[in-house]
Amino acid sequence: MDKKYTFDEFMDIIRYLRSDKGCPWDRKQTHESLERYMLEEAYESVEAIRNGDLDNLCEELGDVLLQIALHASIAEEKGEFGIEDIITAESEKMIRRHPHVFADQEVIDAGQVVKNWDEIKKEEKNQKSTADILLDIPKALPALVRAEKAIKKAGKKEEENSPSEVLKSLTESLIQLEKEVEKGKREHLEDNFENLLFHIVNLSVILHLNAENSLTNATNKFINRFVDIEGLTQKKPQV
């Protein structure tokens, strides 16, 4: 097909799908029912990026856009907000948080841009304390990502959070977990396991590693080893 659709035409398609003449599945969707699809499409887009598959990335970004359009259409029908409100709010945010581009503020490097962004965000959300910032971290984030954000936002001093101190805490948690396993009771097992996981994420932050990516890479290696071993077993000549 040679036709190029505009954004407005795309939104008209979504609105028609939501209409009485449209699709039963699209009509029955709500903000809540679409939660899983928003996550799935975002993850599939990331997968396309990691694979360097630009054709697939184009398709997956379209699926992400579909989710945004569906949410906007649902909200329009309820008189909550519309696609123009989404675009306007985000445009205003970009202008506010880039005073070095749209105003007269000067920055030295990208690090200062991030610092200024965080300061402007704190003002916008009226965050007066570190507790306010921590409570604002979305609970829907993947657990490793949320833990990493919480640790970074807490902003402990380097001497309070050195690799040696974190490794010491991690070792203590592991020893405590071993004791609970030996007892054969589950009463405190989960608490100790949670502590161990959190200390591991804390260590990743101190070492400037990405816990989410590290676990993904470890899982990939596990799967690949399993596939290789199974492949060798299947190729083994029958006696």
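Guide: Start at Glu-180. Leaving out residues up to four places away in sequence, Glu-180 touches Lys-185, His-188, Leu-189 and Asn-192. Contact here means heavy atoms within 4.5 Å. This is a predicted model: local features need pLDDT of at least 70, side-chain atom pairs count only at pLDDT 80 or more, and totals for chains, interfaces and linings use all residues. Numbering runs from 1 along each chain as its sequence is written, and side-chain values use heavy atoms, without hydrogens and water.

Glu-180 sits in helix H10, residues 163–183. Helices are DSSP runs (H or I, at least four residues), numbered from the N terminus. The relative accessible area of Glu-180 is 5%, so Glu-180 is buried. Buried means under 20% relative accessible area, exposed over 50%, and partly exposed in between (1.4 Å probe, protein chains only).

Now take helix H3, residues 35–51. Its buried residues are Glu-41, Ser-45 and Ala-48. They cover an arc of only 60° around the axis, so they lie on the same side of H3. The arc is taken over directions from the helix axis to the C-beta atoms. Helix H4 (54–78) is among what covers these buried residues. Exposed Glu-35 and Asn-51 are on the face turned away from the buried side of H3.

The 17 residues of H3 should span 24 Å, and the end C-alpha atoms are 25 Å apart, which agrees. The expected span is 1.5 Å times one less than the number of residues. Gly-52 follows H3, with a positive phi near 65°.

Notes
Helix = DSSP H or I, 4+ residues; strand = E, 2+ residues; numbered from the N terminus.
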